[in-house]
Amino acid sequence: MRQTDEATDLVDARLAARLAELRAERGWSLDELAERSGLSRSTLSRVERAETSPTASFLNRLCAVYGRTMSRLLSEVEAEPALVVRAAEQPLWEDRASGFARRSVSPPHAGLRGELVEGRLTAGADIAYDRPPVPGLEQHIWVLAGALEVTAQDVGHHLGTGDCLRLRVWGPTRFRCAGPEDARYVLAVVLP
């Protein structure tokens with residue numbers, strides 16, 4: 001097993017434990033969480049036991065139920081964030097099934113409202129979120145390489161290298177790698 005696979009597996013195991021903790025903190029059964037999130041009880045159980053790695057859409061639905069951003073959730077499974085985050089220490093999470101990778105460049109911190117994320121979508125990758133984890137979440141999407149199509153509030157935006165989209169997220173969003181090459185972008189997230 002490659003070192004990056006081992007690191008990803010470790011993050012998945014910590015994420016599974018944290019998701020189980022969040023449900024237990026609220027006193028919810030798996031059935032209750034399934035009803036609140038619209039996700040299947042069996043998949044929730046498999047994710048909490050680290051038998052399967054969750055997709056980005058799956059995590060987004062859980063984040064909405066738990067009232068936190070995906071970055072906040074992922075930062076909860078990492079050590080206390082440092083003031084300086086060296087490139088080699090930036091947590092990487094991958095949704096291999098959808099061709100999406102996210103690096104937490106500037107992880108969330110309790111005293112700050114903003115964070116930076118590097119996103120990578122493989123050519124043809126398409127991910128959709130049914131709702132924001134926090135309504136009114138401010139996002140700035142700056143494309144570093146490739147082409148990205150972002151749909152928010154039923155409006156599509158085609159972004160090329162160097163373009164930046166600024167918006168507040170209230171409903172479903174979709175990110176699609178629109179070109180023949182992978183898309184790489186920076187996502188600045190600011191809590192309302």
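## Accessibility and the predicted model

A residue is called partly exposed when its relative accessible area lies between the buried limit of under 20% and the exposed limit of over 50%. E32, at 33%, is therefore partly exposed. The model discussed in this report is predicted.

E32 forms a salt bridge with R36, with an N to O distance of 3.8 Å. Both residues belong to helix α2, where they stand four residues apart, which means that about one helical turn separates them. R36 is likewise partly exposed, with a relative accessibility of 45%.

Side chains of opposite charge can pair when their charged atoms come close. Across the whole structure, 14 salt bridges are found. One of them joins the side chains of D31 and R41 at 3.1 Å, N to O. This pair links distant parts of the chain, since D31 is in helix α2 (residues 30–37) and R41 is in helix α3, 10 residues apart. D31 is partly exposed at 47% relative accessible area, and R41 is also partly exposed, at 42%.

A further salt bridge connects R61 with D130, at 2.6 Å from N to O. Here, too, distant parts of the chain are linked: R61 lies in helix α4, while D130 is in the loop between β4 (126–129) and β5 (137–145), 69 residues apart. R61 is partly exposed, with 25% relative accessibility, and D130 is partly exposed, with a relative accessible area of 31%.

## Positive phi at non-glycine residues

A50 is not a glycine, yet its phi is positive, at about 60 degrees. The residue is located in the loop between α3 (41–48) and α4 (56–66). With a relative accessible area of 41%, A50 is partly exposed.

D154 also has a positive phi of about 60 degrees without being a glycine. Its position is in the loop between β6 (148–152) and β7 (155–159).

## A buried loop residue

T69 occupies the loop between α4 and α5 (70–76). Its relative accessible area is 6%, which is under 20%, so T69 is buried. When neighbours within four places in sequence are left aside, the contacts of T69 are with C63, E115, P133, V134, L137 and L191.

Definitions and conventions:
Residues numbered from 1 in each chain as written. Predicted model: local features only at pLDDT ≥ 70, side-chain atom pairs only at ≥ 80, totals over all residues. Heavy atoms only, no water. Helix = DSSP H or I, 4+ residues; strand = E, 2+ residues; numbered from the N terminus. Buried < 20%, exposed > 50% of the residue type's maximum accessible area, 1.4 Å probe, protein only. Contact = heavy atoms within 4.5 Å. Salt bridge = Lys/Arg side-chain N within 4 Å of Asp/Glu carboxyl O.
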